[in-house]
Amino acid sequence: MAAIIELENLSKHYSPTIIGVDDVSLTVEDGEFVTLLGPSGCGKSTLLRMIGGFEAPTHGSIRLAGKDVTWDPPYKREVNMVFQDYALFPHMSVGENVGYGLKTLRLSKGEIATRVKDALSLVGLYDKVNQRPQQLSGGQRQRIALARAIVRRPKVLLLDEPLSALDAKLREQMQIELKHLHEKVGITFIMVTHDQTEALVMSDRVVVMESGRIAQEGRPQDLYDHPASPYVANFIGTTNFLPGTSGATQGRLTHVEAPGTTLRAELDAAPPPGREITIGFRPEKVRVLAETESAENTLSGRVAEVIYYGLGLRVAVELEGGARVFADSLLPDRLAQSVLPQIGQSMRLAVAPHNVFVFEGRVAP
Amino acid sequence: MTKNTPSLMARYGADTAFMTFVAALMAFLYIPIWVLIAFSFNDSRSLTWPLSGFTLDWYRKLAENTDLQAAIGNSFYVASLATLLTLCVGVPAAMVLHRFDFPGKSVFRRLILLPITLPGIVTGISMLNMFRLMGFQLSLETVVLGHATALLGVVVTQVYARLQRLPKSLQEAAYDLGATPWRSFVDVTLPNIRSAIVGAGLLSFVLSFDEIPVTFFLTGRDNTLPMYIYSTMRRGVTPEINAVGTIIVLLSLLLIVVAVIATRERRK
């Protein structure tokens with residue numbers, strides 16, 4: 001696979017103190033689905049808009065298929081964007097909207113009609129070709145915006161929070177549809193989102209951004225299972241954090257002191273003993289122990305809160321050391337068949353050593 | 001049922017009051033115009049009730065009055081040119097205000113708007129002084145310049161307001177789809193601000209057409225229609241003036257129809 005987008009030390013400084021994007025280098029392979037993930041203000045949209053040509057970088061360069069396009073205006077770049085508000089032209093029909101990008105390419109009328117039909121059929125909306133965008137639902141407009149962007153067969157498709165305006169059910173459905181569309185058309189997709197589920201479900205690779213920089217990039221499962229920092233651990237999924245101190249290492253297992261208990265963590269690279277660290281583990285990797293059961297890495301405390309969310313239960317446990325952690329369990333049977341934990345009852349939890357994260361420093365977010 | 005009756009009564013009462021109010025408002029707005037039209041066909045010179053008989057004499061006199069016709073022609077000339085000029089300056093000015101951020105932008109915007117808030121007399125006197133200083137001969141063209149200046153604010157305000165309501169992403173989408181800035185303006189921006197431009201143009205035309213103070217100071221020997229009517233008023237309102245008024249009402253109606261057609265959403 002060849003690199004289609006190469007960003008080199010790309011920065012956008014609005015002023016010496018206001019920095020949108022800070023020294024980002026990133027390579028996107030041809031045909032990849034890459035997601036830029038982060039909270040609002042982390043620079044992900046600015047980065048996308050620089051690739052699209054809507055903002056000029058203050059430093060660095062952008063290469064598209066090997067060609068430097070850093071200073072090319074949007075209308076000279078072979079990339080297309082799906083805008084957050086779709087930006088469909090209200091004075092044109094659906095067909096004219098989709099065909100507009102072909103008109104600017106000076107294609108013949110017949111060619112335009114064929115390609116508009118193909119693109120609209122791909123998103124299943126050819127029957128709406130003569131309607132106005134205002135007459136369509138949010139999900140349909142979203143598809144029209146997609147059709148309009150891919151009809152030019154760009155080298156890269158940019159998607160700026162494409163699903164944020166849709167309701168939850170439709171969003172879930174569109175996630176899968178977009179993923180299928182990506183597989184079908186084979187164009188490189190770069191999407192911006194603040195929704196971690198969206199990023200995990202759709203992307204080949206996720207780039208997590210934090211205040212203008214790349215915090216971590218990798219496959220969804222790598223980010224989820226091996227977060228590089230508490231920030232990433234907390235932004236993708238939920239993580240329980242405990243302040244701790246590192247202890248001795250035996251083989252791959254490192255002892256870590258948490259308030260009220262000592263845990264063992266299986267680490268690739270262990271910190272030297274005596275360091276201040278942050279211990280993390282995910283609520284769904286925690287096991288609730290039966291009364292007589294014994295296990296490695298136990299934590300005991302009292303139930304502070306029970307949250308029912310249909311799929312399962314989340315129990316907040318007040319540990320003996322004073323910290324509060326979540327433990328998730330699925331409900332494979334109806335609730336009536338299970339015994340609900342009572343608030344105030346004592347509870348013991350276990351977390352396997354290979355599910356424990358250790359981060360240097362006490363930076364619980 | 002009985003429980004509902006009082007509230008039904010109250011609603012009926014409120015509806016009646018509302019309809020009466022609307023009727024009174026309409027009467028207030030339109031009775032003077034009907035009076036004007038009625039007297040333009042009345043065969044008596046005095047404007048007193050009741051109407052004495054039907055005649056087209058006043059329209060015939062109108063057709064013979066070359067001074068009046070010249071004044072009407074001058075008014076059309078001035079209003080058309082002033083509208084054209086103010087649109088040619090105002091639309092780009094609104095676009096600049098909308099597109100670019102520069103130091104002193106809000107001051108610039110206020111300065112453009114100032115001439116509409118200034119009384120016409122001030123605009124008239126100041127422009128008269130300026131033209132004198134520059135050695136311009138007063139003529140209909142100086143009136144055009146005066147009107148265009150005074151009306152610039154109307155055009156800029158309307159077009160600027162519309163541009164602000166237009167999502168920025170529309171133009172970006174046009175760029176994204178391969179349109180150059182000029183092309184995206186013609187294909188995307190212009191169709192979306194067209195009704196604001198037409199509306200501002202019509203308003204400018206009408207305001208210029210019946211403008212007196214600025215015209216009074218800036219015109220040379222030529223008279224515009226409102227100036228002519230004003231000068232003949234010293235001899236009292238003649239039915240001839242009513243006839244002119246009636247024709248203008250008809251033309252205004254025509255203008256409104258044209259405006260509606262021009263700004264109507266194209267539907268399929």
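1. For the crossing angle in the next point, axes are lines fitted to C-alpha atoms, for helices over the stretch in contact, and angles run from 0 to 180 degrees between N-to-C directions. The model discussed here is predicted.

2. In chain B, the axes of helix 6 (residues 140–165) and helix 8 approach within 9 Å, and their crossing angle is roughly 155 degrees. Angles over 145 degrees count as roughly antiparallel, and helix 6 of chain B is therefore roughly antiparallel to helix 8 of chain B. The crossing of these two helices is right-handed.

3. Which residues meet where helix 6 of chain B packs on helix 8 of chain B? Helix 6 of chain B contributes His147(B), Leu151(B), Val154(B), Val155(B), Gln158(B), Val159(B), Arg162(B) and Leu163(B). From helix 8 of chain B come residues including Ile193(B), Ala196(B), Ile197(B), Gly199(B) and Leu203(B). By class, the residues of this contact comprise 11 nonpolar, five polar and one charged.

4. The contact between the chains involves 20 residues of chain A and 16 residues of chain B. On the side of chain B that touches chain A, helix 7 (168–176) and helix 8 (181–209) of chain B each supply at least two residues. Helix 7 of chain B gives the largest share of that side, six residues. Eight nonpolar, four polar and four charged residues make up the side of chain B that touches chain A.

5. After helix 7 of chain B comes Gly178(B), with a positive phi near 100 degrees.

6. Chain A holds an open sheet of five strands with antiparallel pairing, in the order 15-19-16-17-18. Strand 15 (286–288) and strand 18 (324–330) of chain A are at the edges with a single partner strand each, so one side of each lacks a neighbour in the sheet. On average, neighbouring strands of this sheet are turned by 45 degrees against each other, direction ignored.

7. Within that sheet, how many bridges join strand 16 of chain A and strand 17 of chain A? Strand 16 (residues 298–308) and strand 17 (residues 312–319) of chain A pair in the antiparallel sense over seven bridges. The bridge partner of Val303(A) in strand 17 of chain A is Val317(A).

Methods: Residues numbered from 1 in each chain as written. Chains lettered and ligands numbered in written order. Predicted model: local features only at pLDDT ≥ 70, side-chain atom pairs only at ≥ 80, totals over all residues. Contact = placed C-beta atoms within 7 Å. Helix = DSSP H or I, 4+ residues; strand = E, 2+ residues; numbered from the N terminus. Nonpolar A, V, L, I, M, F, W, Y, C, P; charged D, E, K, R; others polar. Parallel < 35°, antiparallel > 145°, perpendicular 65-115°, else oblique. Left-handed = near helix turned anticlockwise from the far one by under 90°. Pairing = 2+ DSSP bridges.
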